[in-house]
Amino acid sequence: MTAQPYPHPSGATPPALGPERSPAHVAVVMDGNGRWARERGEPRTEGHRAGEAALVEVVAGAVEAGVPWLTVYAFSTENWKRSPAEVRFLMGYSRTVLRRRRDLFDSWNVRVRWAGERRRLAPSVVKELDDAVQLTRDNTGLTLTLCVNYGGRAEIAAAVGEIAAAAARGAGERWDAERVARTVSRAITEESISAALATPAVDLFWRTSGEQRLSNFLIWQSAYAELVFTDKLWPDVDRRDLWEVIRRYAERDRRFGAA
Ligand code: IPE
Ligand code: IPE
Ligand code: MG
């Protein structure tokens, strides 16, 4: 049974844009949790805790706006550089948030997926992610991809490796090395790499907290994304911020290299 998200208490509604002005894939760098906590004299982990509500709001906003793909950056391959206590908190917290929210997302017909490396992740985190994916796999609404232990360069390297391995295997034993090399080389194309990644091309790349960089998020998919940077810290965000960013996107003139 599919329910629409509860409306925003302000009564705000999503922008009414035609499909050609609406982004099909929105990527979000949910940034600023640490600063949000510091402003309140609290430990950084309180900022992560407060970020959960913003995530639920933005998922609700994407569902209401009819966005087909939403991909969010929850933990980067570089975030292991943080203190052991913060890393431990973030891992445990991803697990808790998934368990707490997956039925709600499921009720909104959201299909949950995850992108990232299994390596280094605790088995309990992988299990929680896999369970949420399994529970929601047949849903037909928003596809929400959670990027946990994700790095854009690592994703591209893994995709190219898989394509090359498949092509080499298909070449068979009878071929000489030169012919195998040619086959593998021809198999690696922009199209095959794009198809091997977890998510399609990004239309709108949104980062909160005023930072203006990609931080290794969806770097291949965002080659022609419209970049929008907003100043609010992630825990202060609600679905109206997503809608405002979508309105800004709709005003952009996307040329893709054409005159
Ligand atoms: C984003 O907030 C959340 C994660 C990286 C997990 P930060 O923790 O990066 O917050 P700031 O950038 O230090 O304020
Ligand atoms: C990117 O934010 C990762 C996530 C939001 C999960 P960071 O805060 O880790 O990125 P940098 O260090 O400012 O580039
Ligand atoms: Mg940050």
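## Shell of ligand 1

In this predicted model, the shell around ligand 1 divides into three nonpolar, five polar and four charged residues. Its members are Met30, Asp31, Gly32, Asn33, Gly34, Arg35, Arg44, His48, Ala74, Asn79, Arg82 and Leu90. Helix α1 gives the most to this shell, with three residues.

Oxygen atoms of ligand 1 take part in contacts with both backbone and side-chain atoms of the protein. A backbone N or O atom of Gly34 is placed 2.8 Å from an oxygen atom of the ligand. From the side chain of Arg44, an N or O atom lies 2.9 Å from an oxygen atom of ligand 1. Arg82 brings a polar side-chain atom to 2.7 Å from an oxygen atom of ligand 1. On its own, ligand 1 has 380 Å² of accessible area, of which the protein covers 86%.

The space that ligand 1 takes is the largest pocket. The elements giving two or more residues to its shell are α1 (33-39) and α2.

## Helix α2 and the residue that follows

Helix α2 runs over residues 44-65 and has 22 residues. From its first C-alpha to its last, α2 reaches 32 Å, close to the 32 Å expected at 1.5 Å a residue. Arg44, which belongs to the residue range of α2, is also a member of the shell around ligand 1. Just after the helix, Gly66 adopts a positive phi of about 75°.

## Shell of ligand 2

Around ligand 2 stand Val29, Met30, Asp31, Tyr73, Ala74, Phe75, Asn79, Arg82, Arg207, Arg213 and Ser215. By class, these residues divide into five nonpolar, two polar and four charged. Strand β2 (residues 69-76) supplies the largest share of this shell, three residues.

Side chains of Asp31, Arg207 and Ser215 each place a polar atom by an oxygen atom of ligand 2. For Asp31, a side-chain N or O atom is 3.2 Å from an oxygen atom of the ligand. For Arg207, the corresponding distance from a side-chain N or O atom to an oxygen atom of ligand 2 is 3.3 Å. In Ser215, a polar side-chain atom lies 2.6 Å from an oxygen atom of ligand 2. Ligand 2 exposes 390 Å² when taken alone, and the protein buries 76% of that area.

Technical notes:
Residues numbered from 1 in each chain as written. Chains lettered and ligands numbered in written order. Predicted model: local features only at pLDDT ≥ 70, side-chain atom pairs only at ≥ 80, totals over all residues. Heavy atoms only, no water. Helix = DSSP H or I, 4+ residues; strand = E, 2+ residues; numbered from the N terminus. Expected span 1.5 Å × (residues − 1). Near = heavy atom within 4 Å. Polar contact = N/O pair within 3.5 Å; in protein donor to acceptor, adjacent residues only side chain to side chain. Areas by Shrake-Rupley, 256 points an atom, 1.4 Å probe, with all protein chains shown as cover. Nonpolar A, V, L, I, M, F, W, Y, C, P; charged D, E, K, R; others polar. 1 Å grid on protein atoms, 1.4 Å probe; cavity = no way out; pocket = protein on both sides within 12 Å on 5 of 7 lines; lining within 4 Å. Sits in = over half its atoms within 2 Å of the grid points.
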